[in-house]
Amino acid sequence: MHKQYLTTRLVADVANIAREAGALIMEIYSRPFSVTEKADSSPLTEADAAAHRLIDQQLKQLTPLLPVLSEEDTAAFAGADTQGRYWLIDPLDGTKEFIKRNGEFTVNIALVEHGKPVLGVVYAPALALCYTAARGLGAQKVDDQGEVSVLNVATHTPEQPWRVVGSRSHAGDAMPRLLEQLGNHELVAMGSSLKLCLVAEGSADVYPRLGPTSLWDTAAAHCVVEQAGGSVIQLNGKPLDYSNTGQLLNPHFLVLGHHQQDWPSLFLNQ
């Protein structure tokens, strides 16, 4: 791939792949489907596998030289290319939400370069929402009417309550203690990578993730947040990174809009 490979055409091509996978997922969503368990006891549906096959095949046609790391086939990944690039995908993020049929699930496709997500597409097929971003090209949301919105994170002011995103299916025990210390706040529950997208579009101020996630859960939406002017950081203040594919689990992290709060200190003091 040439140096100026991050183009609006590439973003559109990847978004089209995500939409095709979403259409396949929705076909399965509309009828009875099988559910099994992975080795870690997390659920797996036929939609996860079908979306994986479609995305993997189409990315390899689009960029034959770029490796693909997918949640549904980690064994096939031999590492990033010589430029530190690889595709990182979650064919169906929010499988629990898919099973509950609440619509809060996504297709996540990210392009990583030297540990940083430089292109991201998050598509929520049941909601007909598509978030896209690429380094230097900003972040956008396309709604079910085809309306395009440029995304910018919100600026929090002291007189406003904090709008805090929490997981729909992975609430955990640490969040209530932190919210009590934070003071005036509103809690917004959401599933899948849409939690990060709420911060990116300015509908929330912060998403603290204090439970387990994997690289493919966050990378695409991470790019959307950064290109909208926000940040995704570990509790030590360093950016969340995707270099070490030998360690598939993320550390705990914070997704932030514009703010004056010293969030890392708040969390590390717990």
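Modeller: In this predicted model, seven strands make up an open sheet with mixed pairing, and their order is β3-β4-β5-β6-β7-β8-β9. Its edges are formed by β3 (68-70) and β9 (148-150), each of which pairs on one side only. Direction ignored, neighbouring strands of the sheet are turned against each other by 15 degrees on average.

Strand β6 covers residues 116-124 and strand β7 covers residues 129-134; the two run antiparallel and are joined by six bridges. In this pairing, V122 stands opposite Y131 of β7.

Two helices can be described against this sheet. Helix α2, residues 46-62, packs on the sheet and touches β3, β4 (85-93) and β5 (106-113). The direction of α2 makes about 155 degrees with that of β4. Helix α6, residues 215-227, lies across β3, β4, β5, β6, β7 and β8 (138-142). Relative to β6, helix α6 runs at about 100 degrees.

The aromatic contacts come next. A pair of aromatic rings is described by the distance of the centres and the angle of the planes. Searching the whole structure gives six aromatic pairs. One of them is formed by F77 and Y86, with 5.2 Å from centre to centre and 55 degrees between the planes, a tilted arrangement. F77 and Y86 are both buried. Another pair consists of F98 and F105: the ring centres are 5.1 Å apart and the planes stand at 75 degrees, so this pair is edge-to-face, given that the class requires an angle over 60 degrees. F98 has a relative accessible area of 0% and is therefore buried. For F105 the relative accessible area is 0%, so F105 is buried. F98 and F105 also belong to one aromatic cluster, together with Y29 and F33.

Technical notes: Residues are numbered from 1 along each chain as its sequence is written. This is a predicted model: local features need pLDDT of at least 70, side-chain atom pairs count only at pLDDT 80 or more; totals for chains, interfaces and linings use all residues. Side-chain values use heavy atoms; hydrogens and water are left out. Rings of Phe, Tyr and Trp (its six-membered ring) pair if their centres lie within 6.5 Å; planes under 30 degrees apart count as stacked, over 60 as edge-to-face and the rest as tilted. Buried means under 20% relative accessible area, exposed over 50%, partly exposed in between (1.4 Å probe, protein chains only). Two strands pair if DSSP finds at least two bridges between them. Helices (H or I, at least four residues) and strands (E, at least two) are DSSP runs, numbered from the N terminus. Axes are lines fitted to C-alpha atoms, for helices over the stretch in contact, and angles run from 0 to 180 degrees between N-to-C directions. Contact means heavy atoms within 4.5 Å.
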